[in-house]
Amino acid sequence: MSMPDRVRAGSLANASPERHRDRYVLAVGAAVLVTLLWSTSYILNKFAFEHGVGPFTLAGLRYAVSAGALLLARAIVSRRRTARQASGPAVPAEGARSGLRLTHFILLGATGYLMAQGLQYAGQMFVTPTQTSMVLAVGNTTALVALDIIWLREIRGRSSFLGIAAAMAGVVLFYYPWDFGGGHFSGILLILASCVGYAVHLALSRHLLKTGRAKPGELVLVPMAIGAAGMLIVGFALEGVPSFSWPLAGILLWLGAINGAFAFSLWTWSQKRLRAYESSLINNLMLLEVAALDVLVFHRSLSAVELSGLLLAGSA
């Protein structure tokens, strides 16, 4: 190897760790941005419920809009790519065909949307946004760590287990003196059930990306459409068809296009560079973000005990 080649090879070797670190930081920043967008969903959902739409119907309509927005975006990108290829030199076809099967898409749609979103929306009918995010922070991380121990085996060290213990202590402190009404307790159970779907969806997505069986974009559109269809079927059957109103239409468009299509695509992209439990810990930032929005928008007050529990759970 000539001297210039050695210098060039050395430069590339030195740049590789820096490039990897930059991409990791970018992935973390993207994930944090997504949590900010998703945090506003808790507030918008409460406004949507006031317009007479049920939780499964709201979730189904939101993700139907999201799937439509993603489909439109892909059609535009595909058309531009075709135009460039027609006016320029031939471009080789993109990588190998997807390794995903129909069962993967159905499982991703059922767990990540019908369970994780539909059941969570149902739970939000009975509890405040802050309480919802508090239960999710503990439930999601606990369920994901359990799956990681059984399946992914990416967690190293005891820090994650200590974080879960701190989060649980925060929840116990937040809800003291633990006086749950019937509807309140039902909401918590529904949200905890949604956590199981979230953990399975995130662990499966991470596994498919890690093994190279799927690209990030393949894990969003089809599962989202399947999940939206399932939620709409459940919603229309149990809740009926909601009445149209312009405020509700505006909320659905924002939830679907921005908090849905854009945010989920960005979140799935970040998972390629973040471990599953890292994504879950970043997701816990929503606990503090939602609490701040809850206070600012709905003028809710937090006692010293609730605030202490919130900070303890958020620190995990």
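The bend at a residue is the angle between axes fitted to the seven residues ending there and the seven starting there. Helices here are DSSP runs (H or I, at least four residues), numbered from the N terminus. The model is predicted: local features need pLDDT of at least 70, side-chain atom pairs count only at pLDDT 80 or more, and totals for chains, interfaces and linings use all residues. Residues are numbered from 1 along each chain as its sequence is written, and side-chain values use heavy atoms, without hydrogens and water.

Select residues 246-271 to begin. This is helix H8, whose 26 residues reach 35 Å from first C-alpha to last, close to the expected 38 Å (1.5 Å times one less than the number of residues). Centre the view on Ala263, where H8 bends by about 35 degrees.

Next, display the aromatic rings. Seven aromatic pairs are found in the whole structure (ring centres of Phe, Tyr or the six-membered ring of Trp within 6.5 Å; planes under 30 degrees apart are stacked, over 60 edge-to-face, the rest tilted). Select Trp38 and Phe264, a tilted pair at 5.0 Å centre to centre with 50 degrees between the planes. Because Trp38 belongs to helix H1 (residues 3-49) and Phe264 to helix H8, this pair ties together parts 226 residues apart in sequence. Both Trp38 and Phe264 are buried (under 20% relative accessible area, 1.4 Å probe, protein chains only).

Move to Tyr63 and Tyr113, whose ring centres lie 5.3 Å apart with planes at 70 degrees, so the pair is edge-to-face. Tyr63 sits in helix H2 (residues 55-87) and Tyr113 in helix H3 (residues 102-124), 50 residues apart. Tyr63 and Tyr113 are both buried.

Finally, select Trp38, Tyr63, Tyr113, Phe264 and Trp267 together: ring pairs link them into a cluster.

Note on methods:
Helix = DSSP H or I, 4+ residues; strand = E, 2+ residues; numbered from the N terminus. Buried < 20%, exposed > 50% of the residue type's maximum accessible area, 1.4 Å probe, protein only.
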